[in-house]
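This briefing is meant for a reader who is meeting the structure for the first time. Please keep the sequence and the model at hand while reading.

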Amino acid sequence: MDLYEYQGKQLFARFGIPVSEGRLATTPEEARAAAEELGGQVVVKAQVLTGGRGKAGGIQLADSPDNAEARARDILGMDIRGHVVRSVWIEKASDIEREYYLSVTFDRGEKKPLFMFTTKGGVDIEEVAETDPDALARLHIDPLAGFQPFQARWLVFTAGLEDPDEQKQVLAIVAKLYEAFVASDAMLCEINPLVVTPAGEVKALDSKFTVDDNALYRHTDIAEMRDPEAGDPQERLAREKGVTYVKLDGEIGILGNGAGLVMSTLDVIDQVGGRPANFCDLGGGGDAEGVVDALEVITADAQVEAILFNIFGGITRGDEVARGILEALERMSIDLPIVVRLDGTNAAEGRAMLAEAAPPNLYVEETMLSAAERVVELAKERR
Ligand code: GDP
Ligand code: MN
């Protein structure tokens with residue numbers, strides 16, 4: 001789960017990482033009131049779950065409450081890379097002497113947290129990694145040994161940070177960021193930019209904070225930060241229904257049981273010239289309720305032109321899945337073509353049930369390849 005900048009900063013503050021004081025506003029009037037309370041120059045920042053807000057015009061300085069109201073009016077409702085701005089964070093403006101970059105994330109290859117630090121912050125970190133890789137200090141942390149203070153010193157020296165007062169502050173922030181990362185079960189904690197003010201104060205001017213969804217059950221306070229309005233509407237529906245769902249950008253909706261089978265179904269669709277619109281993993285189940293939920297999620301995606309069920313019965317029985325599909329189709333009316341490939345335990349019984357009772361838009365295929373070919377063909381016919 002991705003957090004908004006202001007939520008990430010709340011967590012930063014909880015762990016003692018310095019941030020600026022601010023207020024959240026959802027209307028221009030609230031923005032004005034916030035600017036009045038904070039006093040002086042403020043920065044009005046679009047709160048969206050995507051980066052590059054500055055470049056898109058979603059970050060504006062304002063030197064009066066009037067101005068803050070006007071800037072908030074500009075920014076609220078703005079579309080930033082497909083994300084509509086519904087709130088702004090009004091923060092005391094900082095004077096910036098230098099911009100650094102600091103993050104800790106998971107390196108899945110090494111199976112360890114990875115720190116990255118560079119004094120060339122403020123810009124795209126990918127760009128620094130490409131054009132000036134030596135400027136980017138990278139360090140893995142052994143999760144069992146935990147973070148050691150010398151590691152922060154290594155990062156700071158390797159990145160070439162020389163001012164002792166800055167070093168001291170950055171060392172403390174590195175340690176606290178690791179603490180925040182572990183204690184929150186985060187996948188990513190990023191500060192870009194980590195700024196140095198003319199007075200020599202180091203603080204987090206931005207935050208990117210991603211928490212592992214699988215750990216949210218033990219962080220109810222963070223789970224409550226989820227904005228139900230944010231993100232893809234189908235993904236939201238899927239979450240509400242407890243369906244494993246991933247949105248893609250093609251035209252074939254895919255339902256399978258088990259991640260491995262679903263992954264290979266994506267490959268086979270691609271192989272026969274189609275493109276998956278999304279996929280749902282039914283897991284071990286196949287009961288009517290699960291099938292109805294998954295079909296509801298899949299058909300809510302307007303891009304779907306045809307649906308492919310790919311079921312391999314192990315513990316799941318083919319006849320039960322067939323019953324689930326038929327029951328689901330009785331309960332919901334679906335006009336889209338549906339191709340079903342059933343194999344494994346009781347597959348013959350399942351196929352017979354479908355052949356007998358299925359509506360005309362349901363096609364049964366014996367193999368994964370023929371099912372993929374059929375569904376791609378049916379989707380093309382509808383274009
Ligand atoms: P992003 O574009 O989504 O990464 O948003 P950031 O929060 O990182 O802001 C983008 C840029 O806006 C920063 O790199 C700063 O240069 C500038 N900025 C943000 N807050 C302030 C501020 O308080 N004062 C000043 N002078 N610039 C700011
Ligand atoms: Mn940033």
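The model is predicted, and a search of the whole of it finds 31 salt bridges.

**Salt bridges**

- Within helix 3, which spans residues 65–75, Glu-69 and Arg-73 stand 4 residues apart, about one turn of the helix, and their side chains meet in a salt bridge with an N to O distance of 3.5 Å.
- Glu-69 counts as buried because its relative accessibility is 13%, under the 20% limit, whereas Arg-73 is partly exposed, with a relative accessible area of 46%.
- Arg-98 and Glu-166 form another salt bridge, in which the closest N and O atoms are 2.3 Å apart.
- This pair links distant parts of the chain, since Arg-98 belongs to strand 8 (residues 98–107) and Glu-166 to helix 6 (residues 164–183), 68 residues apart.
- Arg-98 is partly exposed at a relative accessible area of 36%, while Glu-166 counts as buried at 4% relative accessibility.
- Glu-5, Lys-9, Lys-45, Arg-53, Glu-91 and Asp-206 are linked in a network of salt bridges.

**Helix 10 and its surroundings**

- Helix 10 comprises 12 residues, 288–299, and reaches 16 Å from its first C-alpha to its last, which is close to the 16 Å expected at 1.5 Å a residue.
- The buried residues of helix 10 include Ala-288, Val-291, Val-292, Leu-295 and Ile-298, and Asp-293 is also one of them.
- Among the elements that cover these buried residues are helix 8 (233–241), strand 17 (306–313) and helix 11 (318–331).
- Asp-293 forms a salt bridge with Lys-241, their closest N and O atoms being 3.7 Å apart.
- Because Lys-241 lies in helix 8 and Asp-293 in helix 10, the pair ties together parts that are 52 residues apart in sequence.
- Lys-241 is partly exposed, with a relative accessible area of 29%, whereas Asp-293 counts as buried at 15% relative accessibility.

**Ligand 1**

- There are 16 residues around ligand 1, of which Lys-45, Arg-53, Gly-54, Ser-94 and Glu-99 come nearest.
- A nitrogen atom of ligand 1 lies 2.8 Å from a backbone N or O atom of Ser-94, and an oxygen atom of ligand 1 is 2.8 Å from an N or O atom in the side chain of Glu-99.
- Taken alone, ligand 1 exposes 560 Å², and the protein buries 78% of that area.

Conventions:
Residues are numbered from 1 along each chain as its sequence is written. Chains are lettered from A and ligands numbered from 1 in the order in which they are written. This is a predicted model: local features need pLDDT of at least 70, side-chain atom pairs count only at pLDDT 80 or more; totals for chains, interfaces and linings use all residues. Side-chain values use heavy atoms; hydrogens and water are left out. Helices (H or I, at least four residues) and strands (E, at least two) are DSSP runs, numbered from the N terminus. The expected span of a helix is 1.5 Å times one less than its number of residues. Buried means under 20% relative accessible area, exposed over 50%, partly exposed in between (1.4 Å probe, protein chains only). Contact means heavy atoms within 4.5 Å. A residue is near a molecule or strand if one of its heavy atoms lies within 4 Å of it. A polar contact is a pair of N or O atoms within 3.5 Å; within protein, one must be able to donate a hydrogen and the other to accept it, and residues adjacent in sequence count only if both atoms are side-chain atoms. Accessible areas come from the Shrake-Rupley method with a 1.4 Å probe; for residues, only the protein chains shown count as cover. A salt bridge is a side-chain nitrogen of Lys or Arg within 4 Å of a carboxyl oxygen of Asp or Glu.
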